Amino acid sequence: MIGDIMLMIPGLAMTNALRNMLVGNTISGTMRLAESLIWAASLAGGFMVALAVVEKIF
């Protein structure tokens, strides 16, 4: 299951956001970083909910 979720984590998007911030595009970098963090948090939350549901069934 961990291998499946690792494919969806937006690591490249986070790296590009930090690069944008360092180059000088702070607003664009900040918005992309926030989007990436929200995406990662929603993936983690969905994974936790799925695990909780499966554990309740079994």
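The following paragraphs describe the fold, the surface and selected residues of a predicted model.

The model is predicted, with local features requiring pLDDT of at least 70 and side-chain atom pairs counted only at pLDDT 80 or more, whereas totals for chains, interfaces and linings use all residues. Residues are numbered from 1 along each chain as its sequence is written, and side-chain values use heavy atoms, with hydrogens and water left out.

The protein chain contains three helices and zero strands (DSSP runs numbered from the N terminus, with helices being H or I of at least four residues and strands E of at least two). Along the sequence the pattern is α-α-α. The radius of gyration of the protein chain is 15 Å, well over the 10 Å that the globule rule gives for 58 residues, so the chain is more spread out than a compact globule; the radius is taken over C-alpha atoms, and the rule is 2.2 Å times the number of residues to the power 0.38. Along the principal axes, the C-alpha atoms fill a box of roughly 50 × 20 × 10 Å.

Helix 2 spans residues 11-23 and reaches 18 Å from its first C-alpha to its last, close to the 18 Å expected for its 13 residues (1.5 Å times one less than the number of residues). Gly24, with a positive phi near 130°, follows helix 2.

The accessible surface of the protein chain comes to about 4,600 Å² (Shrake-Rupley method with a 1.4 Å probe; for residues, only the protein chains shown count as cover). Carbon and sulfur atoms account for 74% of this surface. Of the 58 residues, 12% are buried (under 20% relative accessible area, with exposed meaning over 50% and partly exposed in between; 1.4 Å probe, protein chains only).

Ser36 lies in helix 3 and counts as buried because its relative accessible area is 4%. Contacts of Ser36, not counting residues up to four places away in sequence, are made with Pro10, Ala13 and Met14 (heavy atoms within 4.5 Å). Glu55 is also found in helix 3, which covers residues 26-57, but Glu55 is exposed, at 62% relative accessibility. The C-alpha atoms of Glu55 and Met8 are separated by 23 Å, the two residues being 47 residues apart along the chain.

Met6, found in helix 1 (residues 2-6), is likewise exposed, at 53% relative accessibility. Together with Ile2 and Ile9, Met6 forms a nonpolar surface patch with about 310 Å² of accessible area.

Technical notes. Patches are made of residues with over 30% relative accessible area and no salt bridge: like charges are joined within 9 Å, nonpolar side chains (Val, Leu, Ile, Met, Phe, Trp, Tyr) within 5 Å. A salt bridge is a side-chain nitrogen of Lys or Arg within 4 Å of a carboxyl oxygen of Asp or Glu.
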